[in-house]
Structures are given as C-alpha cells and as structure tokens.
Amino acid sequence: TMPIHSYSVAPRAAAAPAIAIAILLAFEPAAARAQQPVSVNSSSVVTIAGVGFSSPENLVYDPQSNVYLVSNINGGARARDANGFISRVSPDGKILQLKWIDGSHAATRLDGPKGLAIHGDTLAVADVGAVRFFDRRTGAALGVRTVPGQLMNDVAFAADGSVYVTDTGPDAGKPDSADHDAIYRLYHDGRTATIAKSPSLMGPDGLIVSDSGILYATFKGRSVEAISSSGTHRVVATLPGKQVDGLRQLPGGSYIATSWGARTVYRIEPDGKVQAVLTGITSPAGVACDTTHDKLAITSMQDNKLYLLPLR
C-alpha cells in the first residue's frame, strides 16, 4: 500500500468533469472497471422497522458469517454513556441478536458506535474518541485505540491492516477545542498519523480507502472528495443534497452515497453522473453492499429502520 502523506488542506478548487472522472477511475481496480455497472432496482424495497434498533448509524456485511452487523448509537452521538450496541441481522432482515455486542458491559464497552469495517477476523468500530476492535466471529473485545477528537464516524482498513478513521468534528458554527474535522490513520505499532485536519474538510464522514488514496463524504457539505496518495485534494462529485453521510463502492466501479439533506440515496457513476436510487428516506446514514445476495442495505438513523434494496 502506498503511504498517504499528511498535508494542510488548501481551499478546494472546482473540479472539471474530466478531473472528477479521472479521480473516480483511479480508485477502481482494472478488473472492477471491466465489469458492467451495477444498477439498483428500487421497485422492491424491504423495510425493517420496529425491531429494536436505536439510532442505527452504520452497518457492514460479513460474507463469512452471512450477516449484517449494525451499529446502534442508542443516545447522544458524542455521549460517553456506555450503552451503544451492535446487532446481527440476517440478509433478509431478521434480527438474529439485537445486542450481539452489548456496550453496557465493561469488556465490550461502546459509547456511540458508528462506522464498521472488517479485515480478516477483526471488526473495527468507530466510537466516541476511539476505535474499538472485536472478533468478527464471536464479538469478543480485542482492544481499543484512542483517537484525538470525539465524533469518530467511519472506519476503513488499508490493505496492510492499518485503520483510517474520520472525525466529523463539531457541529457547524460551534467550535470545539476537543473535536476537529479530521482524518487519521492508526498504525500497528501504535502510531497515529493525521492525514488531514481542517474545517475545509467540511465534516468528513463516509470513507473509502484504496492504494490510490481515500474518498470521503462531507456531512457539512454536499460533496464526495478525494485525497490522493500524494496529497492532492479534489472534489469528485457534488450531490444535489447536503449532509452527505454513507459512502461505499459497488462492483462495476460506481459509488453509493447518502444525503440527509436530500433524504436520498445516490449512485455516482464512473463517468461522473449522479443518479437517485432511493428517495424519501429520513436520515439515510450507513451503506453496506452485499454482493452475495445482490443487495444494498441502508440505515435510517432517526427512524430506526433498515432498508434492503435489490441490486440488478
């Protein structure tokens, strides 16, 4: 994996379509680009509600266990209240275990769990001021890494197993000396590198990591942006709605991004086209791509719902 260097964020310049397309393509393996683009069939959406979710912020599909793991904040997003939890959900939306990882237990503490990522048998969870690690098979705690700031939001593993995490920072217009708009990298040897830290990041949220660099969603903005491995910062796509939250890559080279402001789930194509695939959703937050069952899963954080969309 190429190292990503720390840098000071410069003011963003408007990205020409050709630049945006080039950046998008740089994040995709050649094999993925050769596939046909994935399309979403939104005519058959399954809604899972009233099952006990409590502010479900994000989720990940575990293909080895054939389950969705859903993070539940269950309180304030910054509250250190030790009552968050992770649910296990079957691909058809059945709750297998609501509090599979129960943050109220000292050994498996979770305050406000948000982003999740899996690497091997390790599950990483972004929590308040920390990234916590669990065994993806058993839910047993494996350790914790504290991170500067508070609103740790999404996590992603690099190929070498190091972990990237976004800090969405303080609420807009409310400076907080303990919280920053930032992206960090956690190394195996205990080092924490600041990839970027500036209000110009506009509240980094959803995160994708590749050998070419990183993509992130701007919750305080309406864009998906890229930082290359050399430190170049570009706007990849501008969405019709603000508060861009979830961000994941699909087979075929497109991306899925969610917008609270537009109440919409969008697909961003490699050619730069932005298309709505699901609308009228309150606080669409986390995104998971389940290629085993050709499904997308989307959480509604404020409505305590999970939506399953077929991919075709």
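**Salt bridges**

Guide: The side chains of Arg 185 and Asp 160 form a salt bridge, at 3.2 Å from N to O. The term covers a side-chain nitrogen of Lys or Arg within 4 Å of a carboxyl oxygen of Asp or Glu. This is a predicted model, in which local features need pLDDT of at least 70, side-chain atom pairs count only at pLDDT 80 or more, and totals for chains, interfaces and linings use all residues. Residues are numbered from 1 along each chain as its sequence is written, and side-chain values use heavy atoms, without hydrogens and water.

Visitor: Which parts do Arg 185 and Asp 160 tie together?
Guide: Arg 185 lies in strand β10 (residues 181-186) and Asp 160 in the loop between β8 and β9 (163-168), so the pair links parts 25 residues apart in sequence. Strands here are DSSP runs (E, at least two residues), numbered from the N terminus.

Visitor: Is Arg 185 buried or exposed?
Guide: Arg 185 is buried, with a relative accessible area of 2%, while Asp 160 is partly exposed at 37%. Buried means under 20% relative accessible area, exposed over 50%, and partly exposed in between (1.4 Å probe, protein chains only).

Visitor: How many salt bridges are there by this rule?
Guide: The count comes to 13. One of them joins the side chains of Arg 136 and Asp 62, at 3.2 Å from N to O.

Visitor: What about the burial of that pair?
Guide: Arg 136 counts as buried at 5% relative accessibility, and Asp 62 is buried at 1%.

Conventions. Helix = DSSP H or I, 4+ residues; strand = E, 2+ residues; numbered from the N terminus.
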